[in-house]
Amino acid sequence: MEATYSGDSDIKYANFNASADAAVQWNRIYCAVTGTKNVKFRYALETGTRNLDVYVNGTKVISNAAFAATGSWSTWGEKTIQVPMNSGNNTLKVVTTGTEGPNIESIHVSAQ
């Protein structure tokens with residue numbers, strides 16, 4: 001985790017560090033009921049668009065989810081995607097599809 005660009009040393013984020021096939025995974029995302037869930041990412045990206053593949057419980061559910069520029073590395077934006085999750089604990093993993101991804105500060109999972 002880093003705090004370099006956040007403008008606030010209390011904000012930590014994942015930086016993919018220009019690595020191909022780099023990943024961030026969240027474990028134990030508890031859902032009371034099986035179904036489609038909203039996953040809201042809080043992220044920063046200075047310019048361009050960077051894509052991530054999204055996996056739930058080991059299965060790719062979205063290819064090349066596009067994260068658009070927020071204007072700077074210290075400007076945080078949000079992107080919401082919909083993914084299927086099971087009742088009980090789930091894993092969510094995002095993987096770079098090129099050589100980079102956005103800086104991800106947090107996710108929030110909610111019912112659709």
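How much accessible surface does the protein chain have, and what percentage of it belongs to carbon and sulfur atoms?

**View 1. The whole protein chain, seen as a predicted model.** The accessible surface of the chain comes to about 5,900 Å², and 42% of this area belongs to carbon and sulfur atoms. Along the principal axes, the C-alpha atoms occupy a box of roughly 35 × 30 × 20 Å.

View 2. The chain holds seven strands and zero helices, which gives the pattern β-β-β-β-β-β-β when it is read along the sequence. Its radius of gyration is 14 Å, close to the 13 Å that the globule rule gives for 112 residues, so the chain is as compact as a globular protein of that length. When contacts between residues at least 6 apart in sequence are considered, 76% of them join residues that are at least 24 apart.

**View 3. The open sheet of three strands, in the order E5-E2-E7.** The pairing in this sheet is antiparallel, and its edges are formed by strand E5 (77-85) and strand E7 (103-111), each of which pairs on one side only. Neighbouring strands of the sheet are turned against each other by 25° on average, with direction ignored. In general, the strands of a sheet pair through backbone hydrogen bonds, in either a parallel or an antiparallel manner.

**View 4. The pairing of strand E2 with strand E5.** Strand E2, which covers residues 35-44, runs antiparallel to E5 and is joined to it by nine bridges. Within this view, Arg42 stands opposite Glu78, a residue of E5.

**View 5. Arg28 and its backbone in strand E1.** Arg28 lies in strand E1, which spans residues 23-31, and has a positive phi of about 60° although it is not a glycine. Most residues other than glycine have a negative phi. The relative accessibility of Arg28 is 71%, so this residue counts as exposed, the cut-off for that class being over 50%.

**View 6. Asn57 in the loop between strands E3 and E4.** The loop that holds Asn57 lies between strand E3 (49-56) and strand E4 (59-68). Asn57, a residue other than glycine, likewise has a positive phi, with a value near 50°. Its relative accessible area is 32%, so Asn57 is partly exposed.

Definitions and conventions:
Residues are numbered from 1 along each chain as its sequence is written. This is a predicted model: local features need pLDDT of at least 70, side-chain atom pairs count only at pLDDT 80 or more; totals for chains, interfaces and linings use all residues. Side-chain values use heavy atoms; hydrogens and water are left out. Two strands pair if DSSP finds at least two bridges between them. Helices (H or I, at least four residues) and strands (E, at least two) are DSSP runs, numbered from the N terminus. Axes are lines fitted to C-alpha atoms, for helices over the stretch in contact, and angles run from 0 to 180 degrees between N-to-C directions. The radius of gyration is taken over C-alpha atoms; the globule rule is 2.2 Å times the number of residues to the power 0.38. Contact means heavy atoms within 4.5 Å. Accessible areas come from the Shrake-Rupley method with a 1.4 Å probe; for residues, only the protein chains shown count as cover. Buried means under 20% relative accessible area, exposed over 50%, partly exposed in between (1.4 Å probe, protein chains only).
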